[in-house]
Amino acid sequence: MANLQMTGILEKMTGKDKDYRYMATSDLLNELNKEGFKADTDLEIKLSNIVLQQLDDVAGDVSGLAVKCVVPLVKKVSEARVVEMTNKLCEKLLHGKDQHRDIASIALKTIASEVTVISLAQSILVTLSPQLIKGITSPGMSTEIKCECLDILCDVLHKFGNLMANDHELLLNALLSQLNSNQATVRKRTVSCIASLASSLSDDLLGKTTIEVVRKLRTKGAKPEMIRTNIQMIGALSRSVGYRFGPYLGDTVPVLINYCTSASENDEELREYGLQALESFLLRCPRDIYSYCDEILHLALDDSANEYTDDEDVSWKVRRAAAKCLAALIVSRPEVLAKLYVEACPKLIDRFKEREENVKMDVFNTFIELLRQTGNVTKGQIDMNESRRVSVLLCMENLSYIKTIHLNFSCAKQVGQVLKLGFAGLHDGYALELDDKIVPRCLLNQEVPKIVKSINRQLREKSIKTKVGAFSVLRELVVVLPDCLAEHIGSLIPGIEKALNDKSSTSNLKIEALTFTRLVLASHSPPVFHPYIKALSSPVLSAVGERYYKVTAEALRVCGELVRVVRPNIQGYGFDFKPYVRPLYNAIMSRLTNQDQDQEVKECAISCMGLVISTFGDNLKTELPVCLPVLVDRMGNEITRLTAVKAFAVIATSPLRIDLPCVLENVIAELTAFLRKANRALRQATLGTLNSLIVAYGDQIGSSAYEVIIVELSTLISDSDLHMAALALELCCTLMTDRKSSPNVGLAVRNKVLPQALTLIKSPLLQGQALLALRNFFAALVYSANTSFDTLLDSLLSSAKPAPQSGGVAKQALYSIAQCVAVLCLAAGDKKCSSTVDMLTEMLKDDSSTNSAKQHLALLCLGEIGRRKDLSLHANIETIIIESFQSPFEEIKSAASYALGNIAVSNLSKYLPFILDQIDNQQKKQYLLLHSLKEVIVRQSVDKAEFQDSSVEKILKLLFTHCESDEEGVRNVVAECLGKIALVEPAKLVPALKVRTTSPAAFTRATVVIAVKYSIVERPEKIDEIIYPEISSFLMLIKDHDRASCNYTLLL
């Protein structure tokens, strides 16, 4: 039945009526697109022939449908049919009528794009490649045929270039010959073809291509159009092969620079193409082009500053290319930022006056890249107004020494003057180098007045696009240099006002102006803006009423910053904020009460109203009964409830102590209900807001509400979400602190929360903030006097007992229990703490073979208590602990080592000499004693505490002695000790470690490398500036003949 239907369609496709043919072709397309369509061999032949026939149909809409049929047909017929169709289409392309050439070309491109099977692609390429080469190189072929063949070949090479490796050389020779064509269209398409081919070329053929193109460029007397084509070819090759072009830059770059500098004034295209190629080199081969950066910089600056020519339509392209080339230099070479600020920054600022708008945008973008790179390089640097310590290295060729001079510059201007001297004014062999990280910010700060002056001129322009670009520059400037515009705010206000008030302003311009205003308000001191608040607030409040939601949302964010600026402190000294309270309130309230608006606007209005109430609440007593219920209502809306919860957190933390009696009960009830919601972010915000409300208004909240909250909190305390558990425990602590006199609250905590806490403490996942919150929770239980110390202590110790059905308590859980026991003891007072220590030491005296679990926990508890409190009043406690080193159980030995080290932390003068003496005299216990020493050192490094000089000398002498130990475990512990003590005493350790990198003992060298690894941590430390200049000495051990040293160096 299907074949009969297909036969009918094919018959109609050959009819004389154009409409019949169109409908039949459309039916065929529908049939071919059906998933279940299958054709036998005869039908395949008929289908392929009829579709090829329809491609030549005199009716354009019929031939267009036939091209669409090619897409599914290629996927539904056999490989032989597709190859046959390809051959026939090539024949039409090369020898058919002119009117059929375009449709044949489109069909061939369609086949190339639809083929996905590698075997089919290879079969097609066997016949397609020779015919395309023939169409490109045959002398009798017209320009139109060559262009079509080049277009198809470009698509084929882009997709299947790697499958044509055997034909690469043949294709390359054919294409290179076309670069000499007299037809510009042929040359342009040839460039694209070679670029597509280059990505799959071997290094040898790529080198051959580059050498050939450079040879043509070096040929004297070459036509200008040929030179331009070959320069384009160089740029296209670079963009196609990326870093692989690096080895050929030595031959290429000098030629391009020579052409760009020697080109006639009228040959703007040549300079444009040259700069585009250099831009590509900078982005793709930054390492290889380093030696040419100075020449490229001067070339780009010269071309960007060229005077306007009569033929303005062409010259602007050169300036645009120069700006982009300079941007590529900035992005790829951040280490030369200081030089760029001296040589390029003033010229870029001067080019803000560019007449051609598109070029001006590129100049703005280039300057923004300069600012961004400055921000990236100088992240974490000190404030610009602080004194700068700049190291100046003055090298004099006429002298036989190099002298380093350390100068203190009190302002950026002085640094800039010295820099300009160094880069531009020194002569007779003088050179100057400065700290790369400090200098760019200094120089940028020096240029701020010029930047603002130039940008203000741009903000007075009529062009919207120009003003958007100008605000983008200002925005990036404020991000990189906060507080840099303090002296220029007055001059910028008119530009902001005009952008927001002008009827011709677009939404994009208003958003950019508002974004800049928000950033500048947030990054500068409030008094800076006080003289201009009236001028600034009026357009911002008008923007709150804009119809476009993004403008409104950004205006509301600016209002939030205005609130902080208008009243930076509760006293409000020095500025009368009251005239601005109600205008701000009314503008925000109008948006808050409007339900028919975008979610972003709703959220911004809620957040902003929260700020207004928390800042101006004492001046809005009549308005609070109106606006607070609206915020409560927003808590009931699923879309806005999270933002409303955060707004009440802001209100609760206000120092004004806002009066909330009309809504407090409802707010607490809503928040308590939110603790049951699945939305994690909502529960998290709710816990924080409840905490703030209870701290501020605990005396106004009933005991029954507390009890309901506690019931809900108990469900959140588990190891499935430790962050949520930490917040819930913190809230429990707040509840107990706030309601000491309420026995019901204490009872609810004991009955609901304590069992969950005792379950959580046994989790092997417990750590960080959750563990800290749990410790505070047990301390708060003791402080609240609602639970007896003895009961809690028994509960904690009992939680360490393994349940019959489980395999035992995890090691991490024992450490958690021990920490909570220690905190509990300290909270209960000295008497309870002392009795607990006595009880724990008695446990250690029991037979360890029968009470190993108890002894293990007792040792950990003693260690945690000893770390927090001096236990020297307990006679011979160190001796009792060290006896546990004899235990047959490894976990007890380890716990004893841990306990001894932690006890020493609270009284170094007594216990540290004892540990060092034992290490020297007790060879069998040496490994465990070294672990005890490690605990002391690690704790000192974490607490940022320093050892006495005499102690350091003794420790170092002992550790360096054991660097050569035959036991790897001992050496690893020694290395960790050295690494951690280096964090405390870097000035002593780093030189000592460096000396031992040349030790004849392989074990010592390996230990030194591991020690360096332990001294490198993620957070900033004082060791950083000491070890940085010496790190190469340690890294050189990668060449050490000892394999262990090499391997450890690789891990650094």
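Modeller: Happy to! Threonine 25 has a relative accessibility of 1%, and since buried means under 20%, this residue counts as buried. Please keep in mind that we are looking at a predicted model. Threonine 25 sits in helix H2, which runs over residues 18-32. What does its side chain meet? A polar contact of 3.2 Å links the side chain of threonine 25 to that of glutamine 54.

Now let's step back to the whole chain. Buried residues account for 54% of its 1052 residues, and threonine 25 is one that counts as buried. The secondary structure consists of 51 helices and three strands. With a radius of gyration of 39 Å, well over the 31 Å from the globule rule for 1052 residues, the chain is more spread out than a compact globule. Its C-alpha atoms fill a box of roughly 110 × 80 × 80 Å along the principal axes.

The domain assignment lists domain 1 (216-307 + 314-332), domain 2 (702-802 + 809-824) and domain 3 (946-1051). Between the centres of domain 1 and domain 3, taken over C-alpha atoms, there are 50 Å. As for contacts between residues at least 6 apart in sequence, 72% join residues at least 24 apart. Finally, the chain exposes about 47,300 Å², with carbon and sulfur atoms supplying 50% of that area.

Key
Residues numbered from 1 in each chain as written. Predicted model: local features only at pLDDT ≥ 70, side-chain atom pairs only at ≥ 80, totals over all residues. Heavy atoms only, no water. Helix = DSSP H or I, 4+ residues; strand = E, 2+ residues; numbered from the N terminus. Buried < 20%, exposed > 50% of the residue type's maximum accessible area, 1.4 Å probe, protein only. Polar contact = N/O pair within 3.5 Å; in protein donor to acceptor, adjacent residues only side chain to side chain. Domains from an automatic or database assignment. Rg over C-alpha atoms; globule rule 2.2 N^0.38 Å. Contact = heavy atoms within 4.5 Å. Areas by Shrake-Rupley, 256 points an atom, 1.4 Å probe, with all protein chains shown as cover.
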